[in-house]
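Student: Can we go through this one together? I'd like to start with the charged pairs and then move on to the packing.

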Amino acid sequence: MGTPLPSEIKFGANRVEIYRCNYCSGTTRFPRYNDPYKKLGKGAVENGPIALHSIVELLDMMLVWWMHLDPCEGVYDNPLLYEKGWNKKLDYVIAISNDGVRDVTKRYTRKWHEVLSRRIITSEDNVSAVLSSITGKYRSGLSIDRLAVIEKRDKKESEELSKAAYLEVDTTISLPGRQSGSVEWRKARSELGQVDSLTSSACPVRKCVDAHVSKVYDALSSLLSHFCDENIPKERAIEVFDTLKRVMQNLKDANFKSRRVTLDKKTQQIFEEIFPSIERLLCAMSLKAELGTDGECSATAVGNKIHTSLALPVAMDAVDEILSNYKSDVFCTKVHQFPRGNRLCSGSVLASGEQLPIGIATAAFDGIHSSKWEEPDGSKGCWIIYKMLDDQTCELDSYDLMSANDVPERDPMDWVLEGSIDGGSTWNTIDTRSSVIFEGRFYRKTFTVDKRYKANAFRFRFLRVRESNGNPRFQIGSIDLYGKNA
C-alpha cells in the first residue's frame, strides 16, 4: 500500500496500491479513484453519482466480432456475468473505441424490458442521437475504404444486439459471483453469487498454461538421475547447479528482446560434460547453446521470447530447491526426488473459490514458488478439481504439495484425494491424509498413491487447515500431480 498524493486525493483516491513486476522489478502506482470525472476523462456527469465497473471488449480480427473480457475477474466471452453471476441490475453499458461509441447494453442482459424501465436519465432516441453525434466526430477524417469496413462491422453488430434483446434467460448457465475485492466488500454489495456445495463454484474453469513446467522438471529429473547413476559427488553436483543458477540469473537479467549470455570457459566445460541433459533443459526454456564466429559460446533465446520469460523463473526456483536439498543432505529416491518426470500438465482447473488477483486457482500449478492458490473462505473446507486435457485418463502414482510463502495457520492439514473416470460426475477416494504439518515455508511434501485408479479428473477436498479459529483462509503454494497416461 502506498500514500496517496494530493493530486490523487483530489479525485477520491484515498487508497493507492503499488505493484512490482516479478520480472523487471519495475513498479506501478494504482490509485483507486472514486470520482467519475477522473474515470471518464473529459466530459460532465449529470443527474447524480453513477457506479462504474470497467470491462474490456476485444475485437476478434478473424471473426470481426467484439468479445467481452474482464481482466479483474479473469473471465472472457461471458457478458452475462454481471447480471446472472453478480445479480447486478444494469442500466447502461457504453463501449468506447477509437472509431466511435456504442450502447452495447443488450449484449450484457437477458432482461431488456426490465433494463428499459430503469433507463430514465433521458429518452432512448436521445441516447442514440448523442452517441451517433460523437461517433460521427470520431470518424470524420477516415478514408472511404476504412468507413466501409467499419460500417459493415456496425451492421453485423447491430443485428447481433437486436437479437440479444429477445433471447430468453438460459437457466442451465451457472456463472460465478464477483471474485475481486474482499469477501466483506463483495458481501455488502450482494455480489458473492451462490456457492454452498461441491457442485457449485465461485470461479470459472481455468486452463493451466504449464507445459513448460513439466518440460523443465523432466529435464532436471534426467540430470539428477544421471548424477545418481554415475555416483557424482555431492560437491560436484552443487557446483553444477550453482553454475546453472548463475547462468539463468544472467539470462533473466538480460534484455527481453535479445536475451543472451556469454559462457565462460569453466561454464562451457561443465555444459559439455552434461550436454544431453543441459540441451534438454535449455530447450525447455526456449533457449539454445551456440558457438559464435568469434569462438565464444553463448546461451540465447530462440522462438517465442515469452516462453523463455515464463520458464526461466520456474527453472530457477527448481534449481534453488535442488541446491537446498543437496546442502541439507536430504535423501532422495526416484519416487521422492524433486523434480520428477511424468508431471501432469495442460489440464483445466475449477476451485470452490479464489482470491484475485494474487491467489488464482491455476497458481497452484504454475511452478513458481512465490505464487499460491488462496481460498478466502476455505479454512473449514474447500476443494479444487484438476481435469485432464482432452479427457485423457491417467493412473496417479504420487503428488507433491508445497506450503505457501506465509501464514502457517492456512496450511492444509486434512484432505481427501478423489478420482473420477467420467469427468466429475462420480468420485472414488484414492488417498486420504490427516494431521499433516508443513515444517516451514516453501516446504514440499511428497505423497505416494497406493490405490491405482484410472481417472480423467482429480479432486482435492481440503477438510481443515492448521488453525481455523479466527482464520477463514486456506492457501497452498503448489500442487504437482505425477502419473502415466492409461
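**Salt bridges, cores and a patch**

Tutor: The structure holds 35 salt bridges, a salt bridge being a side-chain nitrogen of Lys or Arg within 4 Å of a carboxyl oxygen of Asp or Glu. This is a predicted model, in which local features need pLDDT of at least 70, side-chain atom pairs count only at pLDDT 80 or more, and totals for chains, interfaces and linings use all residues. Residues are numbered from 1 along each chain as its sequence is written, and side-chain values use heavy atoms, with hydrogens and water left out.

Student: Which residue forms a salt bridge with arginine 444?

Tutor: Glutamate 321, with the closest N and O atoms 2.5 Å apart. Arginine 444 lies in strand S18 (residues 444–448) and glutamate 321 in helix H12 (residues 305–327), so this pair ties together parts that are 123 residues apart in sequence. Helices (H or I, at least four residues) and strands (E, at least two) are DSSP runs, numbered from the N terminus.

Student: Is arginine 444 buried or exposed?

Tutor: Arginine 444 is buried, at a relative accessible area of 15%, and glutamate 321 is buried too, at 9%. Buried means under 20% relative accessible area, exposed over 50%, and partly exposed in between (1.4 Å probe, protein chains only).

Student: Which residues are linked with Glu321 and Arg444 in a network of salt bridges?

Tutor: Asp210, Arg340, Arg343, Asp400 and Asp480 are linked with them in that network.

Student: What about glutamate 418, which residue does it form a salt bridge with?

Tutor: Arginine 461, the closest N and O atoms being 3.2 Å apart. Glutamate 418 is in strand S16 (residues 412–420) and arginine 461 in strand S20 (residues 457–465), 43 residues apart, and the pair links distant parts of the chain. Glutamate 418 counts as buried at 7% relative accessibility, whereas arginine 461 counts as partly exposed at 23%.

Student: Changing topic: how many residues of strand S22 are buried?

Tutor: Six of the eight residues of S22 (residues 478–485) are buried. S22 pairs with strand S15 (residues 394–402) in the antiparallel sense over eight bridges; two strands pair if DSSP finds at least two bridges between them. Within that pairing, leucine 401 stands opposite isoleucine 479.

Student: Now the packing. How many residues has the largest nonpolar core?

Tutor: It has 43 residues, and those with the most contacts inside it are Val216, Phe241 and Met285. A nonpolar core is a set of buried Ala, Val, Leu, Ile, Met, Phe, Trp, Tyr and Cys residues joined through side-chain atoms within 4.5 Å.

Student: Which element gives the most to this core?

Tutor: H12, with 10 residues. Phenylalanine 241, leaving aside its neighbours within four places in sequence, is in contact (heavy atoms within 4.5 Å) with residues including Val319, Ile322, Leu323 and Tyr326. A second, separate core of 34 residues includes Leu344, Ile384, Met388 and Val436.

Student: And on the surface, which residues form a nonpolar patch?

Tutor: Ile94, Ile96, Val130, Ile134 and Tyr138, with about 430 Å² of accessible area together. Those areas come from the Shrake-Rupley method with a 1.4 Å probe; for residues, only the protein chains shown count as cover. Patches are made of residues with over 30% relative accessible area and no salt bridge, with like charges joined within 9 Å and nonpolar side chains (Val, Leu, Ile, Met, Phe, Trp, Tyr) within 5 Å.

Student: Which element gives the most to the nonpolar patch?

Tutor: H5, with three residues. Valine 130 is in helix H5 and counts as partly exposed at 41% relative accessibility.
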